[in-house]
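Take a slow first look at the chains below. Then read on, and go back to the picture after each paragraph.

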Amino acid sequence: MKKFWRCFVCNDIHYGVKPPEICPTCMAKNAYLEITSEEARKVSSITQTEINKERFLQTIENFAEKNEFQVNPDKEKVLMLIDGVFNNEQNQGLKYCPCRLTTKDFVEDLKLVCPCNFLIHETYKDKKDGECWCGLFVRKKDG
Amino acid sequence: MFHGRECPHCKNMMPLVDKLERETGIKLEKLEVWHNEKNADLMRSYREIIFPVCGGQLRTPTFLNTENNEVICGEVEYRKLKEWATK
């Protein structure tokens with residue numbers, strides 16, 4: 001089961017089954033402590049950095065570049081989705097997918113934060129023209 | 001019909017919903033869920049019915065017939081939408 005971990009040296013937050021041995025931010029060794037989701041939320045809200053829509057698009061394009069998928073070439077669709085992601089962050093606190101409603105279970109709803117793990121979803125997995133549920137990411141033609 | 005304002009699938013389905021309403025006289029209640037908490041809670045209250053059909057999630061668009069609990073989610077062809085509405 002995934003849990004939240006906080007580096008006690010630099011407050012880096014990790015969400016996973018086990019903590020990283022070396023903190024990727026401050027390089028401290030064995031520095032992670034298990035914390036509650038509430039603490040993770042508080043720490044991340046203190047240290048949150050501003051990221052605008054253009055930077056978000058650039059970030060997901062960079063993320064997709066090294067993978068078997070790409071950001072949807074349909075720019076109009078992408079801009080609509082990014083608007084939704086940012087509106088959800090403003091209204092609901094996190095960059096939730098605009099095409100799936102939250103359940104009000106904070107940990108469960110982390111699965112809806114964009115980009116989600118769509119590689120395991122039936123709309124993508126084993127599909128030649130696979131895409132994430134909302135269509136922000138699509139499989140590369142040769143992917 | 002539960003839909004999201006910034007959901008492209010929902011946007012694509014709207015002309016089909018209009019066509020359905022014109023052709024059959026059936027009126028769908030269109031409830032936006034990301035900017036209306038009351039609608040969101042209503043959708044959440046149907047999770048037991050929606051989850052098995054929609055991959056264990058509250059996906060948009062979701063078409064729910066509260067009379068027979070028939071559900072379809074996502075973009076579908078007009079024929080399937082009409083079949084659902086007239087069942």
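**From domains to cores**

Chain A is assigned two domains: domain 1 (3–47) and domain 2 (53–139). The bounds come from an automatic or database domain assignment. The centres of domain 1 and domain 2 of chain A, taken over C-alpha atoms, are 24 Å apart.

This is a predicted model: local features need pLDDT of at least 70, side-chain atom pairs count only at pLDDT 80 or more, and totals for chains, interfaces and linings use all residues. Residues are numbered from 1 along each chain as its sequence is written, while chains are lettered from A and ligands numbered from 1 in the order in which they are written.

Now find the sheet. Three strands of chain A form an open, antiparallel sheet in the order E2-E1-E3. Strands are DSSP runs of at least two residues (E), helices of at least four (H or I), numbered from the N terminus. Two strands pair if DSSP finds at least two bridges between them. E2 (13–16) and E3 (32–35) of chain A are the edge strands; each has a single partner, so one side of each lacks a neighbour in the sheet. E1 (residues 3–7) and E3 of chain A are joined by 4 bridges. In one of them, A:Phe4 partners A:Ile35.

Next, which residues have the most contacts inside the largest nonpolar core? They are A:Leu81, A:Cys97, A:Cys132, A:Cys134 and A:Leu136, in a core of 26 residues. Such a core is a set of buried Ala, Val, Leu, Ile, Met, Phe, Trp, Tyr and Cys residues joined through C-beta atoms within 7 Å. Buried means that 20 or more other C-beta atoms, placed from the backbone, lie within 10 Å of the residue's own. Helix H3 of chain A gives the most to this core, with 5 residues.

Methods
A residue is buried if 20 or more other C-beta atoms lie within 10 Å of its own, exposed if 12 or fewer, and partly exposed in between; C-beta atoms are placed from the backbone.
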